Amino acid sequence: MSRNPGGRILVVEDPAGLARAAAEEFARGAAEAVAASGSFSVALAGGSTPRGLYALLARDDAPYRAKVPWERARVFFGDERPVPPDHPDSNYRMARETLLTRVPVPETGVYRMRGEAPDAGTAAGEYESLLRSAFRLARDQPPPFDLVVLGMGRDGHTASIFPGSDVVHETSRLVAAPWVQTLGTRRITLTPVALNGARLAIFLVSGAEKAGTLRAVLQGEHRPDLLPAQAIRPAGGEPLWIVDRPAAALLGA
Ligand code: 6PG
C-alpha cells in the first residue's frame, strides 16, 4: 500500500480483486464498530463499481457475510437520483437487490433517501433531519459514520458532488440537492460536512478511463472545485483508495 496526499492507495488486479479487498475492509470495519459501540453505521455509494462489493458481501459461500454483524448495522446512502425506489437508476434499488434483501439488516436499519419526492430540496431536508435524529447529533456535529463507501466519476465527482458545485464548499448542511448541469437534473447528496464525519471513507475506483482523473485527484494540485473527490478528508483519517490496476496505470511510484 502506498501513501499519497489524497490518502492510502491499495492497487488490486481487477474488479474481482477490488470487491474482495473492499469486502475485507467492510467486514473489518463492521466488526470493530460493533465491538466498540454495539452498532455499525455505513453510508453506501451508488453507481456500478460498488455492485461487486455488495454482491460479494451477500454471498453465503464467501467469507465476508458471516463476519458482518448485520443485525447491528444501520445503512444510509451517500446520494440518490431523483427517481422512485424501484426505478432502474435508483441507488437504493441497486443496494437492495444486490445486498439488503440478502442479509439480515433490520428494515428499520435502512435509511433511504426519498428520490421520488416531487422536490429534491425537501427530500434533502428530510434526510438531514433523519440523520440528526438517528445519530442524536448536536447542532454542529457531523454524523459519525463508521464507514462511507464512495465511488469516483471520470470527472472527479463523488457521491453527487459534481465539479463546479457549491456543495463542495458547504460548511453546515449535511445533505443538499444540487442541480447537476451535466445530467440536467437535481440529485440528493451528503455534503462533505456529512461525509467527512466518518471514521473511514473507502473509494472504489475501477477502469482505465479513470486513470487520468485518479492521478489528478491523488497526486495533482488540490482543486476540489474541479475534483470534488479531493474534498473528502474524513475526521477519522485519510481515505482508503481501493483501485484496480487499469485505474492506477498513471499513478507515479
Ligand atoms: C452515483 C454514485 C456516484 C458514483 C460515481 C462512480 O449515484 O452514481 O454515487 O458518485 O459513485 O459516479 O460511478 P461508477 O462506480 O458507476 O463508475
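Select Leu190 to begin. Leaving aside neighbours within four places in sequence, Leu190 is in contact (heavy atoms within 4.5 Å) with Ala43, Phe77, Gly78, Met113, Tyr127, Leu131, Phe145, Ile161, Leu174, Val175 and Leu195. The model is a predicted one, in which local features need pLDDT of at least 70, side-chain atom pairs count only at pLDDT 80 or more, and totals for chains, interfaces and linings use all residues. Residues are numbered from 1 along each chain as its sequence is written, and side-chain values use heavy atoms, with hydrogens and water left out.

Next, display Phe77 and Trp241 together with Leu190: these three have the most contacts inside the largest nonpolar core, which has 88 residues. Such a core is a set of buried Ala, Val, Leu, Ile, Met, Phe, Trp, Tyr and Cys residues joined through side-chain atoms within 4.5 Å; buried means under 20% relative accessible area, with a 1.4 Å probe and protein chains only. Helix H1 (residues 15-37) supplies the largest share of this core, ten residues. Helices (H or I, at least four residues) and strands (E, at least two) are DSSP runs, numbered from the N terminus.

Now select strand S10 (residues 188-190), which pairs with S5 in the antiparallel sense over two bridges; pairing requires at least two DSSP bridges. Here Asp79 stands opposite Thr189. The open sheet has the order S5-S10-S7. Strands S5 (79-80) and S7 (175-176) are at the edges, each with a single partner strand, so one side of each lacks a neighbour in the sheet.

Finally, select helix H3 (residues 91-100). Seven of its ten residues are buried, so H3 is largely enclosed by the rest of the structure. The buried residues of H3 pack against strand S3 (40-44), helix H2 (49-58), strand S4 (73-77) and S5.

Conventions:
Buried < 20%, exposed > 50% of the residue type's maximum accessible area, 1.4 Å probe, protein only.
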